[in-house]
Amino acid sequence: MSTFEFLWQGILVAMQPMNLIYALVGVTLGTAVGVLPGIGPALTVALLLPVTYKLDPGGSLIMFAGIYYGGMYGGSTTSILLNTPGESASIVTALEGNKMARAGRGGPALATAAIGSFVAGLIATLGLAFIAPYIVKLALVFGPREYFALMVLAFVTVSSAFGDSALRGLTSLFIGFALAMVGIDQQTGQARLSFGIPDLLDGVEVTTLAVAMFAIGETLYIAAQGNRIAEKVEAVKGSLWMTAQDWSRSWKPWLRGTLIGFPIGAMPAGGAEIGTFLSYATEKRLAKNPEEFGHGAIEGVAGPEAANNASAAGTLVPLLTLGLPTTATAAIMLAGFQQYGLQPGPLLFATNPQLVWGLIASLLIANAMLLVLNLPMIGLWVKLLTIPKPWLYAGILLFATLGTIGANPSVFELGMLLAFGLLGYLMRLFGYPIAPAVVGLILGPLAEQQLRRALAISQGDVTTLVMSPIAAGLLIVAAAAFLIPLILRIRGRGQVLSQLAANED
């Protein structure tokens, strides 16, 4: 069957009434959490993992994807009106968007962000549909050593992409590895790191860790900050609609942002932040009036927002085809797949095509829903910003606890939720990223399984791990992904020290 036929079948699945409801709930929740500062789609999906444990897998995954898209949309509202990005990928939008809001042009800023996100999401989702089958064909030739090399690349890039320090990212990753070793060894049947506690024989639940670190840890961290900064919401003044000049200045940045954001999101070391910064720099370089940048240039909102949403669709390319998460939300979505006994990758396209193509097609529908939700209901989203933080985060704590009890009614599980929540708080406090720990727990056992298979096939010969051209290439890329940022960071520090020494002289 061709991609068009698969996509049409997916649309029929996505148009089923229950799936439409799941998509609507997802995009509404995603927009709401995107608007609220400090609460991103990763936290929301983590909270919903235990709640959706017994629901339909297809519908739940459609809802998770809707939350992801909605979170990307909603982040622009906070950036423009509050100058506080709801998502890290919306940082660039705040540069020009808030200046436009202060100048009384918050309406056109919100409109170009919403329409640009729609255009980018539409094009990027179609790109996902047409590129994914080719990556799946390539991945089907992978053996155990190629998959292990791919996992190593994922570990290195995830550790480098999250946080400011690759060493801290690797430390977080190894915390995940240590937790992944808890339980019964799949190969030998021996108990590992269970310390004689029967509850640990089944291992650490990914859902418990994700909810604890993203929800409990984040809540404790926000509570510890207090109300240090007074937040002022800029009112939306004047018309919400864009003028003809706004349209003429926005449509090219929408397309350029899509072309920049989608491939960067699809790369193993991608992420929306890189695409938005590149898009902003590109628009500033190509602008007819570059002096407007920094004072409310509409191109500085249109391009980065398009790149932001295009990268969200791009992120799903390695997740669905190879099972590799490149963002925190993608890592939690991977846990969502595994919750239903599904492993994203090339075999999923063969064994469960209805679910995969239904998920891809639902993104097209969710994108249209978001455009309808965002523009007319902007007043409602702005009112969400007035929710007192104590109420908001107390609700998150309650929801996280009840969700964990519902999925696994155990006092020991609640104790682990609290312990991992405190661990997540300490990691946030000292600047250690959380996502690599979750990725380590999810992908660690898979990497171990592939390594042991490869060594069993080669009768223990480690050198065969690099005898395959594909495996060797992936390991070289992984080494480069770790060493190049490290060298650049060392050189940067050396230049700063030499500059300070020159100034003292």
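Me: How many residues does helix 6 have, and what span does helix 6 reach?
Reply: Helix 6 (residues 106-139) has 34 residues and reaches 46 Å from its first C-alpha to its last, close to the 50 Å expected at 1.5 Å a residue. The expected span is 1.5 Å times one less than the number of residues. Helices are DSSP runs of H or I with at least four residues, numbered from the N terminus. The model is predicted, with local features requiring pLDDT of at least 70 and side-chain atom pairs pLDDT 80 or more, while totals for chains, interfaces and linings use all residues. Residues are numbered from 1 along each chain as its sequence is written, and side-chain values use heavy atoms, leaving out hydrogens and water.

Me: Where does helix 6 bend?
Reply: At I131, by about 30 degrees, and the proline P133 follows within four residues. The bend is the angle between axes fitted to the seven residues ending at a residue and the seven starting there.

Me: Which residue marks the bend in helix 19?
Reply: L443 does, with a bend of about 40 degrees, and the proline P445 follows within four residues. Helix 19 (residues 435-457) has 23 residues and reaches 33 Å, close to the 33 Å expected. Q459, whose phi is positive, near 60 degrees, follows helix 19.

Me: Changing topic, at what angle do helix 13 and helix 19 pack?
Reply: They pack at about 40 degrees, with their axes 9 Å apart. Axes are lines fitted to C-alpha atoms, for helices over the stretch in contact, and angles run from 0 to 180 degrees between N-to-C directions. Helix 13 and helix 19 are therefore oblique to each other. Angles under 35 degrees count as roughly parallel, over 145 as roughly antiparallel, 65 to 115 as roughly perpendicular and the rest as oblique.

Me: Which residues meet there, in helix 13 and helix 19?
Reply: A328, A331, I332, L334, A335 and Q338 in helix 13 meet A435, V438, V439, I442, L443 and L446 in helix 19, where contact means heavy atoms within 4.5 Å.

Me: And what about helix 3 with helix 13, how do their axes cross?
Reply: The axes of helix 3 (residues 41-51) and helix 13 (residues 328-339) come within 8 Å and cross at roughly 15 degrees. That makes helix 3 roughly parallel to helix 13. Among the residues that meet are V45 and L49 in helix 3, and I332 and A335 in helix 13.

Me: How do helix 1 and helix 15 cross?
Reply: The axes of helix 1 (residues 3-14) and helix 15 (residues 353-374) come within 7 Å and cross at roughly 75 degrees. That makes helix 1 roughly perpendicular to helix 15. The contacting residues include F6 and L7 in helix 1, and W357 and I365 in helix 15.

Definitions and conventions. Helices (H or I, at least four residues) and strands (E, at least two) are DSSP runs, numbered from the N terminus.
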